[in-house]
Amino acid sequence: MENRFSVKDFFLFGLMIALIIVVVLAMVQFDRQYDNIRDLRQDNTALATDLSQIRNGLRDLDESLTELRESGIAFSPGGGVDGNGTANLIERGVGRTGESDPFYQLKEVETDSQFARGGWFRDGFGTKIGRLTPFVSGDVYQNWVELLVMETLATRDPYTLEFLPRLARGWQISEDGLEMTFKLRKGVNFSDGQPLDADDVIFTFDWIKNPEVQADRVRSFLTTVEKVEKVDELTVKFTFNEPKFNNFESVAGVPILAEHFYEQYTPGQFNEHVALMLGSGPYKLEAGPDGWTPTGEGVVLVRNERYWGTPGTFERMIFDEVQEDVARMVNYTNQDVDILRVNPEQYTTLRNDESAQEFTNYIEYTSAYSGYLYIGWNQAVRTEGEDPEPTKFADKRVRQAMTLMLDRDRMAEELFLGYAQTASGPFIPSNPQSNPDIEPWPYDPERGREILAELGWEDRDGDGVIEDEQGNPFRFKLIYPGTSDLWEKVVLFMRDNFARGGVIMEPERLDWPVLVDRLNAGNFEAITLGWSSTVESDPYQIFHSSQAAGQGDNRTNYANPELDALIDEARTTIDRDARMKLWNEVHAVLHEDQPYTFLFFRQQLRAVNQRVQGVDKSTVGLNWEPLNSGIIPWFIPQGQQRFAE
């Protein structure tokens, strides 16, 4: 039987060919439409940028004229200037270029021939995040988001470390330092379009001072603020009851709340809500100011189209929540994320990965903001409904013994591959706050065991575990974050070290939100974590006895009147050299008391996709990273931008 190609077959074949052609043409047309939409989006972004720059220029001109009027200079109708008064000119900080423009870095990269706005920048927390509400959530990840969504009166320049005006266009400080007057910018709006003025600043500080608001952490920095007054719609005056070295930073660095949004919530509702975040910054929450929930799907920010300043470079910023080190590495090597904060082992692996080398910039740096890792020894465990119960760590000799049992130098070399330095206290060695005469406690497990024996802890039954006189073994639980395999290795190393000294350490790995709740409740015996830092750290928040109550950060319930007095004196000492000597004494007391076993200062290691341009090292580390500023001078050239998940 023959197979013949009939007319019907010919017709069907032709129909199929025609259908394929139609599909191909549709695909081409769709691609063209997508390109047109993308180009239109780029044009709209460029137009918004131009309008913003025109608006900023007009605002700056108006502010300059206002400053001249405030200085006593009169203007003639023809534009000439009369008079020479300058006594009341507004003071401003100075950036790297000698200017006071907080956007100078961004404007510099705008001149790059490859510069383009747009694309999605993908980052990651490396853990789950439980809350975004400002003030009541003080962890580092919430701060990443806050600095992009909310703004402060002033911000530090990452190169000079001088304060640059942000929401304030300038400020005046009295000779005795007890009065500070901030002049706010005109034309600043929150992301919902409502204007920002002096009333919002007043509301913010009144809100923080309200004892019903769980803002103890921020409140601890504002102890010297006596009153905040509205001078006019765009002028706010702060009066302090005593001078303090960081009075300016304590008020200039507070994110300003939108009164019209936050006033609808009671303090209790504010404390309990997982995400109330409305600001005037370059980005806003995609889910809305009260719509984000901790689902584990991360945080998405979109550009604030109403931003008063120079628009952000990225159309969208995505922060993933991927806890497993291996998964984060895979995401990076697949180029699904643009930056990876890596531990030393990951860094070494990536440096040796030929495929990763093709698209990666490897960056090593130290940062004043990176802080230190530690073990916190709780002196009084708090359990719900009961009074604090003293622990074995209430005796500083026990804490000293625990530090002596840890081979921190070996940990730094073997676990951190030399990218860490053993710490002797909370101050980075290069910082003048650090006492140069203090060396870290050595690794001396025999001496540690001798100290515990003097306190009655001995191996009474020959099983290798030390017991007290009642036969109770020296046993404690250490909680730690389940954020990385490195934490796991550090904890297991510590467990083995303590076991050699006859001490049983029981590790308890917790998800980040759970750990934060336990920490805030004071319900733990020991914890290992890290603190971020600042250019000049204020240890009041962590080690002053007054901060052991409420929501203060003295979670270990450490109290030493001598240290309290030193911290109080240092905070009110304006002379820098004299203040540094006092901080050196604070360092000495903390070294002796060991409320923390100070573990390491780590070198920061980053893998950044080469498509991200504008990345540069600065005095604080990189010219932008989450803890530095919400003004991002990084960008992605147009041909390399991505707009997909």
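**Strand pairing, cores and helices in the predicted model**

Strand β15 (residues 372–377) is joined to β21 by six bridges, and the two strands run antiparallel. Helices (H or I, at least four residues) and strands (E, at least two) are DSSP runs numbered from the N terminus, and two strands count as paired if DSSP finds at least two bridges between them. The model is predicted, with local features requiring pLDDT of at least 70 and side-chain atom pairs counted only at pLDDT 80 or more, whereas totals for chains, interfaces and linings use all residues. Residues are numbered from 1 along each chain as its sequence is written, and side-chain values use heavy atoms, with hydrogens and water left out.

Strand β21 also pairs with strand β19 (residues 475–481), in the parallel sense and over two bridges. A526 in β21 stands opposite W377 and also opposite L478. Of the six residues of β21 (residues 526–531), five are buried, where buried means under 20% relative accessible area, exposed over 50% and partly exposed in between (1.4 Å probe, protein chains only).

In the protein as a whole, the secondary structure comes to 19 helices and 25 strands. Of its 645 residues, 53% count as buried. Among contacts (heavy atoms within 4.5 Å) with a separation of 6 or more, 70% are between residues 24 or more positions apart.

A nonpolar core is taken as a set of buried Ala, Val, Leu, Ile, Met, Phe, Trp, Tyr and Cys residues joined through side-chain atoms within 4.5 Å. In soluble globular proteins, nonpolar side chains tend to be buried together. The largest nonpolar core has 114 residues, and those with the most contacts inside it are L153, F182, F238, V299, L301 and M317. Helix α4 (residues 198–209) supplies the largest share of this core, seven residues. Apart from it lies another core, of 36 residues, which includes F393, I451, F476 and W487. Beyond its neighbours within four places in sequence, L153 contacts P165, R166, L167, A168, F182, L184, V201, F238, V251, A252, V254 and I256.

Nine of the 12 residues of α4 are buried, namely A198, D200, V201, I202, F203, T204, F205, W207 and I208. At 1.5 Å a residue, the 12 residues of α4 should span 16 Å, and its end C-alpha atoms are 17 Å apart, which agrees; the expected span of a helix is 1.5 Å times one less than its number of residues. At the start of α4, a side-chain oxygen of D197 comes to within 3.0 Å of the backbone nitrogen of D199. This is a polar contact, defined as a pair of N or O atoms within 3.5 Å; within protein, one atom must be able to donate a hydrogen and the other to accept it, and residues adjacent in sequence count only if both atoms are side-chain atoms.

V299 and L301 were listed above for their contacts in the largest core. Strand β11 (residues 299–303) has four of its five residues buried. Three bridges join β11 to strand β10 (residues 283–285) in an antiparallel arrangement, with Y283 opposite R303. Four bridges join β11 to strand β12 (residues 316–320), again antiparallel, and V299 stands opposite F319 in β12.

For helix α19, the 18 residues should span 26 Å at 1.5 Å a residue, and the end C-alpha atoms are 26 Å apart, which agrees. Its buried residues include R579, W583, H587 and H591, and the buried residues of the helix pack against α12 (396–404), α17 (540–543), α18 (561–571) and β22 (596–602). H591, in α19 (residues 576–593), counts as buried because its relative accessibility is 15%. Not counting residues up to four places away in sequence, H591 touches S424, I438, E439, P440 and W441. At the start of α19, a side-chain oxygen of D575 lies within 3.4 Å of the backbone nitrogen of D577. Just after the helix, Q594 takes a positive phi of about 50 degrees.

N343 lies in the loop between β13 (339–341) and α10 (344–351) and counts as buried at 13% relative accessibility. A polar atom of the N343 side chain lies 3.1 Å from the backbone nitrogen of E345. Leaving aside neighbours within four places in sequence, N343 is in contact with D325, L486 and L605.
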